[in-house]
Structures are given as C-alpha cells and as structure tokens.
Amino acid sequence: DAGRADRRARLAQLMDTPALAQLAYATHVESSWAACVVASPGSYASEVTLSALAEADYARWRAAAVKQPAYDLQCVLGGSPVTFGIEIEFVGDLERVAHALFEVGLAEGPEVLAGNRAAGWTVKFDPTVHPDGGEVVSPILVDLPDAWRQLARVCALLRDSGAVVNASCGLHVHLGADRLEGDVRNYLRLYLLNRAYEDLIYRLASAGGTMHHRGTQYNQPIAKRGYAASVTNIAQFRKTLGATGFEAINFLNVGSTLNTIEFRHANGTLDENQIQALVVTYAGLLDAARRGDLRLDDLTPAPLGTHAWDAVDDRELVGEFVDTLFPANNRAKLHVLWLFARSTWQKSPDEDTSAPGKSGIKRISPLLARLSAAA
C-alpha cells in the first residue's frame, strides 16, 4: 500500500549503503578526535594508563566501573568511521517482534524472513536458537546518535514483546573490513591481539546473567590455530586460519559484497548498554590492529581457559588490554571494565589447562617485519 511504499522509500534513503559510506567518512571528519574531546572532555581529555596506576588508583577505576556507564549517543567509538551491524538472537514470538519493529518505522515490513531485508531492521528465523528462536538483524550502522537510539529502541521493543535470551542465544557484531584497509599485516595484528587476549575477550563476552559462557559450538576459539610461514595476503590468511563461519572471529565475509569481520564470542543479551560496550571493545580491536607501533613480541598467548584456575592481577592484564585498544579514550576503558566486573573467567571447551602458546603462531613479528619491508 501507499504507506508501506513511503516507509520503504524513507528507509532506503536512510540506509542506502553508498550513502552510509559517505556519511561515515563525513562524520569522521566532523567528529574527529578533537571534536570528541570538545564534546566529552571528561571522557577523552586526559590520557590515563591504567596498567601503570598505583593499586589504590586502579581500585577507584574498578569501583567506578561497577556502576553501569551511561548509554552514550555521541562519539561512542571515538570518531572511528567503522561501519557495524548487530545480530541479536532471542527466544520469543518472532511475529510479534516483527510487527512491533514495523509499527515504529524500524522495519520496512512486518514479516519474519529467512534472509535480510535491503533496508531497516530484519526479524529472521534462526535454527541454532531454540526453542523456536530467531534474531533481529540491524542494517549497516555508523557511530551516529540515531544508530544508538535505534539500538536502544529495538532492545526495548524486544523486552516489551516478551523476548528472552537463553544459553542457545548469541550476540554477533559485524565490523566493516574496510577498516583494515586490505592490508594483511593488519589482519595478522588482529589475530595476534586475539591470541594474546582471547581468554579476556571470552570473559567480557560472558558478562551479565549467570556469568557462564554459552559454549563455543558456534564461536570456536582461534588462538591456537596455526599459520603457514608464507602468509603474505588475505586469501592465505583466511585459508590457513579457517573461515567456516563459526569461528569466534569470523573472516568468511571478507572480500565479499558484505566485506565484514564478524565477532561471535558474546552471550545473547537484550541490554543495549552491554551491546554498546561489546561494539566499543570489538571496534577497539580493529583500530589497534591498524597500528604498526604495537610491541608484538611482548604479547604472551592466552587462549580461552588460561586464567580459569589461576589468580591474575587484572590491573596488569585488563589495564594492558584497554591501554592497547584505547590509548586516550577513558570512556571506552570504563565500558570494558564494566564488562569485566560483570563476568568471570571461563574454562576452555576441552578443559585444557596446559600452558598456552604451544601451537599457533610462534613468532609473528618477524613475518610482519618482512611484509613491511616488502611493502
């Protein structure tokens, strides 16, 4: 009907991918790091190295992080132009959720689909979610207030529609692979960051609820997967790592029309604050992977399960993690600390408590050095 056609036209205008790409980079210019400092001086104005703080000072940061950070709308990703998409798995009345999204103008139709819509939010069937579950899939988003308002509205509609999450539900975040600029060195750095912090990332991903991770059947750890010494391009990177679609960091769509890197670690959640904190964390990983100044040799492998049985100084470990990802973004550091405070260390899927680092890349830095020299 005319109403649906008008709604479709408006959504297409808002969500058209080329337009969003232009908008993202325009936003990056307008919301540069300096602009973010002006907008949120308490969050960005001073650089705090958490890993170097005295114990009492770090304890104050930890105490502040126990309180849920305010849901941000502006400069959430610190001016990064990365595009992102979100898949929220849930159990509930899919048709009711689809109608609710349509009624408020967030979806172009009230139907539950098998695939994604061209524009707007989509409610889909998902056979991995049971009983009778599905997922809500976002359009391509950028770090603008309207994107975060949409996310909060969708989460509220899900809760109001009686949706819940259980152990079969996950939360998946897609980030635009363009952020890594097609440079295999950036992909290798992303792998190395995950290899060093995989155990911590799984802990953050299990925040809230029972604090137990839902299992790794559909988000398989990759820190122990090995590489051929001859990796020199992204195709070889994907082949040697594996790209089945069920890895915790999924590179299956890299180079396709979608061209995204999917982060699949997280438990399902209908909490927009938790989703925002996870998007901040994953976007920080991508931004850090672009930095050629990372001290790669200093990163010790810590695959899933490393800290399940041993006490760990989280000031050193978590501080190092947030300092690496967010050198001067204090607000982002609080997001990560909040997730950490709401979670616990997870066991490896095979109860493997052996010393980490016995497989996978032994020395990736010399490979990166050779690639840099050849560039």
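**Paired strands in a predicted model**

Both faces of strand 1 are covered, since Phe-84, Ile-86, Ile-88 and Phe-90 on one side and Gly-85, Glu-87, Glu-89 and Val-91 on the other are all buried, where buried means under 20% relative accessible area, with exposed over 50% and partly exposed in between (1.4 Å probe, protein chains only). Strands, like helices, are DSSP runs numbered from the N terminus (E, at least two residues, for strands; H or I, at least four, for helices). This is a predicted model, in which local features need pLDDT of at least 70 and side-chain atom pairs count only at pLDDT 80 or more, while totals for chains, interfaces and linings use all residues. Residues are numbered from 1 along each chain as its sequence is written, and side-chain values use heavy atoms, with hydrogens and water left out.

Because eight of its eight residues are buried, strand 1 is largely enclosed by the rest of the structure. Strand 1 (residues 84–91) pairs with strand 3 in the antiparallel sense over five bridges, pairing being assigned if DSSP finds at least two bridges between two strands. Five bridges also join strand 1 to strand 4 (residues 170–176), again antiparallel. Ile-88 stands opposite Val-136 in strand 3 and opposite Leu-171 in strand 4.

Strand 3 (residues 133–137) has five of its five residues buried; Gly-133, Glu-135 and Val-137 point one way, and Gly-134 and Val-136 the other. Gly-134 is the bridge partner of Phe-90, whereas Glu-135 is that of Lys-124, and strand 2 (residues 122–125) pairs antiparallel with strand 3 over four bridges.
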